[in-house]
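Here are a few friendly notes to read alongside the structure. Take them one at a time, and find each spot on the screen before moving on.

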Amino acid sequence: MRVIAILMITTNRLVENLDPRAKIVSFLAIILCIILTPITRYKDFELYFLLILSLTFFSETTVGQIFKRTCVLIPFILAMALFVPFLKEGQVWGYLNVGYWKFAVTYEGAWMFLNVMVKSGLSILLFVLASSTTTFPDFLKGLDMLRAPRLLIMLTSFMYRYIFVLIEEARRLIRARDMRYFGRRYKEQFLVVGYMVGGLFIRTFERAERIYSAMVLRGFSGEIPCVKRFRLSYKDFLFTAAIFILLTGIVSGLIYKIGCIKIPDARVWIGL
Amino acid sequence: MDRIIKVHNLNYRYPDGTVGLKDVNFEVVAGETMVIIGANGTGKSTLFMNLMGVLDGTGRIEINGIVLNRSNLKEIRRGMGMVFQSPDDQLFCPTVMDDVSFGPANLGWSSEGIITASQKALLLVGLEGYGARTSYHLSFGEKKRAAIATILSMNPNILLLDEPTSGLDPRSTSKFVNILYTLKAQGKTLLIVTHDIFLAQEVADRVLVFSEEKRPIAVGGYKEILADTELLLKNNLVHQHRHRHDALIHEHEHRHGYLHEH
Ligand SMILES: Nc1ncnc2c1ncn2[C@@H]1O[C@H](COP(=O)(O)OP(=O)(O)OP(=O)(O)O)[C@@H](O)[C@H]1O
Ligand SMILES: [Mg+2]
């Protein structure tokens, strides 16, 4: 019991404390494996699911939180994937009657639907885990240190920095309007909205100019200097190595075989 | 006396035709603190932008004996730092630490040097432990202090501060006055735009008054300028209005920040 407690404490924030580079590389590897696994090897996906779940145990976030956040995103994918079974051509599986219309569902379409749902569901789960254990600036730093294109990172970081300012500004404009608008002359309101959008655009533009001069005044010459603040520790290497070994195990079917042969009871949790 | 900044016949007109500055002439002595006061829209911020070479007016600006032009801008800016009026323009990085270390990193310092300087600057403005915070989530006063830190970390010789204390609470303001005293003791040249006559009285060696004609109308020691009520009255820095002393409400000219006897 004591050992478990100590283990819990030391691993409680493991994922949070990892270097962003280690996280980016290993999470990308997991996602790649998930995407490239054919859907017919459905047992592999159970293992991926377990892998992601076990990762959450090494972080401060709880499984509940992760699922909650995932559920928010799932409907969007469902909305996109819903049409696939009807659109994909192939052997007809059955028909769906809606009023006068008759929609054919194909086998290929159904598989494709399952494919999209399972893979994107798992990816989102992992994405949610990643985003709740890494702050966005750290993530950008990690990308930068992994030699992702600087320009892209700069654009993203500006967007992250100013999207809120912009939203806040828009909200202020709307609030200022609402406080002085009492429901008359509603036709003119379209014009007012036009003014607001225009004003917002000009403000953004002028702000961009001021920000640029603030950068230039502090020596900016087209390249954002990188201050190293992260150092890879043995934990990062261990983590990444462990993930890669597990992935190799899953992809080669080794883990599944071990689960089936050595401990027959493992079916209990494999079927989770 | 070394004149570190010399401005001769500086004129600036905004692209839309608005006059920003008209025939500005003044000089700043090395190591002095010059406070610039003036009503809204009299061209104080425009002057700073010209001094930093962001706006390109006509006339001559000499800094450290070098005439400012396109080719030596970079060199001159290494020794100058400016804090913008709006902190949202100054803080453009995702985190406070990124922002504070941006200047030093561009100056080509070593990693350790950058980090020490940044932490020192944050400590000086009372934001130690804010390094990992997102600038957007800071309060206005915190942003303002972070903006000041981004310049302090570069350790420039000349500092231009555009309304550094607006929006700060009294404690942060007096803390800021402390920082100014430290900088003064280090021999830095400070140019400070402010509407806070109280601040001017605390730190100014000389005061420059900007008038509605978008040029300095008076310059002099802080005592004589701040005592010249007529001048201040004429330039909207002191004005007639009613105010309250417990039960007594009456009207007379009044300097903000002043307590007076009756
Ligand atoms: N981008 C711009 N385009 C056109 N006119 C401008 C622009 N910025 C400022 N002005 C005008 O230039 C004049 C000087 O503006 P400036 O911002 O320098 O004033 P200020 O003394 O800093 O005022 P405040 O105390 O309000 O900050 C004002 O009349 C202003 O309307
Ligand atoms: Mg101004």
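1. A word before we start: this is a predicted model. Please keep that in mind as you go through the points below.

2. Let's begin with the ligand. Where does ligand 1 sit? Look for the largest pocket, and you will find ligand 1 there. The shell around ligand 1 is made up of 14 residues. Among them, Gly41(B), Lys44(B), Ser45(B), Thr46(B) and Lys214(B) are the closest.

3. What kinds of residues form this shell? Sorted by class, nine are polar, four are charged and one is nonpolar.

4. Now zoom in on single atoms. In Thr46(B), a polar side-chain atom lies 2.4 Å from an oxygen atom of ligand 1. For Lys44(B), a polar side-chain atom is 2.7 Å from an oxygen atom of the ligand. His195(B) takes part too: an N or O atom in its side chain is 3.1 Å from an oxygen atom of ligand 1. These pairs count as polar contacts because the cut-off for two N or O atoms is 3.5 Å.

5. How much of ligand 1 does the protein bury? On its own, ligand 1 exposes 640 Å², and the protein buries 69% of that area.

6. Next, turn to the strands of chain B. Four of them form an open sheet in the order β2-β1-β4-β5, with antiparallel pairing. Which strands are at the edges? They are β2 (19-29) and β5 (66-67) of chain B, each of which pairs on one side only.

7. Stay with that sheet and follow one pair. Strand β1 of chain B covers residues 3-13, and its antiparallel pairing with β2(B) runs over seven bridges.

8. Finally, visit chain A. Here β1 (residues 92-98) and β2 (residues 101-106) pair in the antiparallel sense, with six bridges between them. Leu96(A) stands opposite Phe103(A), which belongs to β2(A). The two strands make a hairpin with two residues between them, and in this hairpin Gly99(A) takes a positive phi near 60°.

Terms used:
Residues are numbered from 1 along each chain as its sequence is written. Chains are lettered from A and ligands numbered from 1 in the order in which they are written. This is a predicted model: local features need pLDDT of at least 70, side-chain atom pairs count only at pLDDT 80 or more; totals for chains, interfaces and linings use all residues. Side-chain values use heavy atoms; hydrogens and water are left out. A residue is near a molecule or strand if one of its heavy atoms lies within 4 Å of it. A polar contact is a pair of N or O atoms within 3.5 Å; within protein, one must be able to donate a hydrogen and the other to accept it, and residues adjacent in sequence count only if both atoms are side-chain atoms. Accessible areas come from the Shrake-Rupley method with a 1.4 Å probe; for residues, only the protein chains shown count as cover. On a 1 Å grid over the protein atoms alone, a cavity is a set of points where a 1.4 Å probe fits but cannot get out, and a pocket is an open set with protein on both sides within 12 Å along at least five of seven lines; lining residues have an atom within 4 Å of a point. A molecule sits in a cavity or pocket if more than half of its atoms lie within 2 Å of its grid points. Ala, Val, Leu, Ile, Met, Phe, Trp, Tyr, Cys and Pro count as nonpolar, Asp, Glu, Lys and Arg as charged, and the others, Gly among them, as polar. Two strands pair if DSSP finds at least two bridges between them. Helices (H or I, at least four residues) and strands (E, at least two) are DSSP runs, numbered from the N terminus.
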